[in-house]
Amino acid sequence: MPPGELEFDPFSEDYFNGPYETYRRMREDAPVYYSKKYDFYALSRHADVAAAHKNFDTYSSADGVDLGSVQSGEPPMHKSIIVMDPPEHRHMRGLVNKVFTPRAIEELRPLVTDLIDYHLNAANPAEFDIVQDFSALFPIEVITTMLGVPDGRREQIRLWLDDFLHREPGEVKISHAGLQAAIQMAVVYYQVVKERRARPRNDMISDLVSAKVQRENGEVTGLDNTEIAQFALVLGGAGAVTVTRLVASMVVLFARHPEQWEKLLVDRSRIPAAVEEVLRYESPTQYNVRRSREDVTLHGVTIPAGKPVFLLIGAANRDPDAWKEPDVFDIDRDRAQAQNLGFGYGIHTCLGAALARMESAIALQRLLDYMPRYEVDWAGCRRVNMQNLAGWNNVPVRVLP
């Protein structure tokens with residue numbers, strides 16, 4: 001590659017280690033970027049990414065939401081809500097929204113608080129890993145408890161999730177280990193669904209077992225066991241990994257910007273705004289992939305029908321045309337400047353966004369209490385190598401007196 005040539009490679013060490021300089025060049029020089037290496041297009045400006053998320057007629061999710069799935073030409077391995085377009089998506093979303101009511105989320109607050117306190121109090125303040133000893137543990141317990149996974153399988157679900165999402169540099173498709181992990185998780189959730197169908201409880205899976213949904217042909221039916229298990233598989237993953245990365249990024253960013261941490265120590269009412277700024281500044285989900293349904297021309301470039309299109313959330317959330325001084329981390333930022341795309345936008349806005357915000361806010365509150373003064377062992381920090389995610393796999397910290 002000639003020196004200085006612009007290349008966005010979402011399966012490279014450059015991407016895994018933070019592609020923000022690449023994003024800047026894309027927004028400025030190639031807002032509709034074409035990858036010769038992988039044969040995909042990418043949108044990086046906030047206006048384009050936001051519009052594409054809302055335009056499901058042009059940018060379809062039905063063929064999958066990652067490059068390997070879209071390029072395979074095969075139906076997605078799971079037929080869940082994230083790989084549906086309207087009207088099918090609309091019917092399923094309406095059903096699932098009944099599970100994620102504000103009241104239902106608020107009822108989870110004691111569970112979330114207890115799990116956060118349990119894992120944080122178990123940590124050794126002399127030195128512990130924010131990810132491995134804390135932020136990777138409580139979110140998976142919250143979501144798998146909601147889904148009815150037995151106690152003895154919840155930790156295994158977390159480990160399977162890591163295998164499912166992991167990508168080695170240059171690895172586009174899911175690995176054999178990742179595929180096996182997905183199968184094992186699906187088996188666990190399928191068994192839970194069967195048990196709830198036989199003996200319902202007061203939980204999410206039981207609600208879905210008893211629910212009715214209108215199909216594309218207008219017929220009203222219940223969901224079968226496979227459909228519910230596939231939904232649980234997706235929700236179980238999204239509901240865990242996002243919070244895990246968001247909380248770890250908080251600790252890193254506040255260590256790098258101690259003046260912002262001081263603001264929180266003085267005024268805890270800023271915590272919700274701090275969560276939003278972390279979500280904007282280093283979005284755990286960096287992109288979504290769609291397939292173009294028709295030719296579309298933007299900024300003088302035509303994206304042909306049938307091509308994978310990356311919607312770069314991470315780039316859009318740092319766009320200076322949307323945000324004032326977007327590369328400045330500021331918890332007092334005016335959030336009315338633009339739409340924060342960290343939890344998606346349009347019909348595929350994250351189902352569990354309210355729960356994720358609540359978990360992250362409680363975690364931040366408890367971290368302020370537990371370690372008002374701390375330092376990060378930067379030499380021990382390691383980023384994740386995961387499909388479409390940004391964040392940390394290891395963040396060793398010490399609590400200071």
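**A walk through the model**

Start by selecting Glu325, which is exposed, with a relative accessible area of 53% (exposed means over 50%, buried under 20%, and partly exposed in between, using a 1.4 Å probe and protein chains only). You'll find Glu325 in the loop between α16 (313-316) and α17; helices here are DSSP runs of H or I with at least four residues, strands are E runs of at least two, and both are numbered from the N terminus. Its phi is near 45°, a positive value in a residue other than glycine.

Before you click on: this is a predicted model, where local features need pLDDT of at least 70 and side-chain atom pairs count only at pLDDT 80 or more, while totals for chains, interfaces and linings use all residues. Residues are numbered from 1 along each chain as its sequence is written, and side-chain values use heavy atoms, with hydrogens and water left out.

Next, pick His299, in the loop between β8 (296-298) and β9 (301-303). His299 isn't a glycine, yet it has a positive phi of about 50°. It is partly exposed, at a relative accessible area of 45%.

Now show helices α15 (residues 271-281) and α17 (residues 353-370): their axes come within 9 Å and cross at roughly 115° (axes are lines fitted to C-alpha atoms over the stretch in contact, with angles from 0 to 180 degrees between N-to-C directions). That makes α15 roughly perpendicular to α17, a label for angles of 65 to 115 degrees, with under 35 counted as roughly parallel, over 145 as roughly antiparallel and the rest as oblique. Which residues of α15 meet α17? Select Ile271, Ala274, Val275, Glu276 and Leu279, which meet Arg357, Ser360, Ala361, Leu364, Gln365 and Leu368 in α17; contact means heavy atoms within 4.5 Å.

Leu364 turns up again at the next stop. The largest nonpolar core has 83 residues, and Phe254, Leu364 and Val395 have the most contacts inside it. Such a core is a set of buried Ala, Val, Leu, Ile, Met, Phe, Trp, Tyr and Cys residues joined through side-chain atoms within 4.5 Å. Its largest share, 16 residues, comes from helix α13 (residues 225-256). Zoom in on Phe254: leaving aside neighbours within four places in sequence, its contacts include Trp261, Ala274, Phe329, Leu364 and Tyr374.

Just after α9, Gly148 takes a positive phi of about 85°.
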